[in-house]
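Please read these notes with the model open beside you.

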Amino acid sequence: MTKQVSQYEQSKYDVTIMGGGMAGATLALQLKKSNSELSIAVIDANEFPVPEAKFKIGESTVDIAGHYLRNVLELKDHLENQQLPKYGLRFFLPNGDNSDISQRVEIGNCKRPNSKSYQIDRGLFENFLHDTLLENNVDFFDSSFVETISVANNEDNHQVVVSTKENKTTEFSSRWLIDASGQAQLLKNQLELHETVQTDHFSVWFRVSEKVLINELSDEPEWLNRVSEAARDLCTNHLLGEGYWIWIIPLQNGNTSIGIVADAKIHSPKDMLSLPKALEWISEKEPQLGDRLKNCSATALDFKKMINFSHGCSQIFSENRWAITGIAGLFSDPFYSPGSDFIAIANTYITDLINRDLAKEDISDRLMRYEKSFYQGFHLLLNTVDGKYGLFAHNLATASKILWDATLAWSGLSLIFCNDKLTDFELIDAVGEDLFVIGQLHLTMQQVFTRWSNTLEDKGVNPSIIVDGTLNFTQRLQNRLPLDLSNDEIIAAIKSNRNVLCTLACELFSQVEQRDIEDSEVALLVSGFDYQPDIKDELRALLFQ
């Protein structure tokens, strides 16, 4: 058990956080950095240090989480020296029986983006966070189990009764109570906040104690030389097929995380609910990867499965001074690695609410706005992935969708978050109309991509869509994320990004359907925009042969 300053010497805190994994530990650190005087207790059932090979998903981070960990929490040294740098997301679209990866459409970066992100070894990272919190005078109680929770409905403190493996019981009292308990979902269960999310996606995953490199799947010289070895190996690699995708994620300690995510309407979970069955399924769908993994049973560190992993929650932030962060609340889908982004957003909202409340500010209006914005982001992302796995068999629809989704990801919220403006209502109000139109356009385009996959012939697509082989509209958007922009510059950038997306929608219709956008379902949304002429040629070079 972790050595503490003393055994439960204090029972009254400003904030009690139930859960000391990534969500809870990063929140505790963010709170301390925002206000060093806060008294914080973190309660976790695990004994620290935890095993470095953990039963946890969430190794892959993208732009928002990268900024949050690197800049907001100031963890650059650990991330650069102890974790792996990430070159972004990489996608290999299907081709026949998937027996030759060199012939598959490939979408990804040539070099590491300016907006830094990382592949996180969760055990290593959570041990580091635990030690960092102790150094910052956060009381971290490991091997401790929440027995009862009494949620206050007025100005009284919340009460949490906790027991340890030594059978000692202590009552924690705090003004704020945070649930970061992950799958235990302590507050959601207690307050009956469960909401069903109607998706049929499921996942199985495992880690092996060896490096599984994507470049090992082919010895074709032209393909190997197309992209640097690091750019492929340090991506979150996605192997796509109809109704599924497989991730390959490298980890700092030489292990590799491999997972299958599939739509149960297309693939049966029964076919992969053990490691031997999963390996057999991979060999059938992805024979090159299956051949590489045929002897990996001896090096397998774990195996985990999760059926119907998407879940909702009817409330995340409460005027009664409780909140939920991480998968204890909401989870959509891992396809674009959004889990740690949602942690970063929720934690930033929670930190702002706690500090304002302790400063005697009325937080009711702010809390409602945060709740609304958080749910809007969740449902937007859910719409992006729900029911979309089937179109992965159609290269043109899938490539168009991935290109569109990336452009959208770097056009609005990421730009705001990476400039530390998420809680700036003056800015949020100024860009509200543009963000609304962008969101509505995105929802409509998701329907378009599904329609294309069902009605259009799968026309030729550029076999190597390298998004930063030359500087194009996608890379320009991502490169802008780490810049320190003023409010006026952000407002202008988001307005420009709206025009980029409108132009992209027009050009996709023109080049995919060979018709103008005027008689399409998105015509009204793009009316009156400023056409961006450079996108036409860039899109053709990116997407089409």
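1. Arginine 366 lies over the face of phenylalanine 425, 4.0 Å from the ring centre. Arginine 369 also lies over the face of phenylalanine 425, at 3.9 Å from the ring centre. A charge counts as sitting over a ring if NZ of Lys or CZ of Arg is within 6 Å of the ring centre and within 35 degrees of the ring normal.

2. This is a predicted model, in which local features need pLDDT of at least 70 and side-chain atom pairs count only at pLDDT 80 or more, while totals for chains, interfaces and linings use all residues. Residues are numbered from 1 along each chain as its sequence is written, and side-chain values use heavy atoms, with hydrogens and water left out.

3. Rings of Phe, Tyr and Trp (its six-membered ring) pair if their centres lie within 6.5 Å; planes under 30 degrees apart count as stacked, over 60 as edge-to-face and the rest as tilted. How many aromatic pairs does this rule give? The count is 23 aromatic pairs. One of them joins tyrosine 244 and tryptophan 281, edge-to-face, with 5.0 Å centre to centre and 85° between the planes. This pair links distant parts of the chain, 37 residues apart: tyrosine 244 is in strand S14 (residues 244-250) and tryptophan 281 in helix H8 (residues 275-285). Helices (H or I, at least four residues) and strands (E, at least two) are DSSP runs, numbered from the N terminus. Tyrosine 244 and tryptophan 281 are both buried, where buried means under 20% relative accessible area, exposed over 50% and partly exposed in between (1.4 Å probe, protein chains only).

4. Why is the pair of phenylalanine 309 and phenylalanine 331 edge-to-face? The ring centres are 5.9 Å apart and the planes stand at 75°, so the pair of phenylalanine 309 and phenylalanine 331 is edge-to-face. Both residues lie in loops: phenylalanine 309 between strands S16 (300-307) and S17 (312-313), phenylalanine 331 between strand S19 (322-324) and helix H10 (339-358). Phenylalanine 309 is buried, with a relative accessible area of 4%, and phenylalanine 331 is buried at 11%.

5. Ring pairs also link a cluster that includes Phe91, Trp205 and Tyr389. Phenylalanine 91 stands opposite isoleucine 107 in S5. Strands S4 (residues 89-92) and S5 (residues 106-108) pair in the antiparallel sense over two bridges; two strands pair if DSSP finds at least two bridges between them.

6. The open sheet of eight strands has the order S16-S12-S15-S14-S13-S4-S5-S20, with mixed pairing. Its edge strands are S16 and S20 (464-466), each pairing on one side only.
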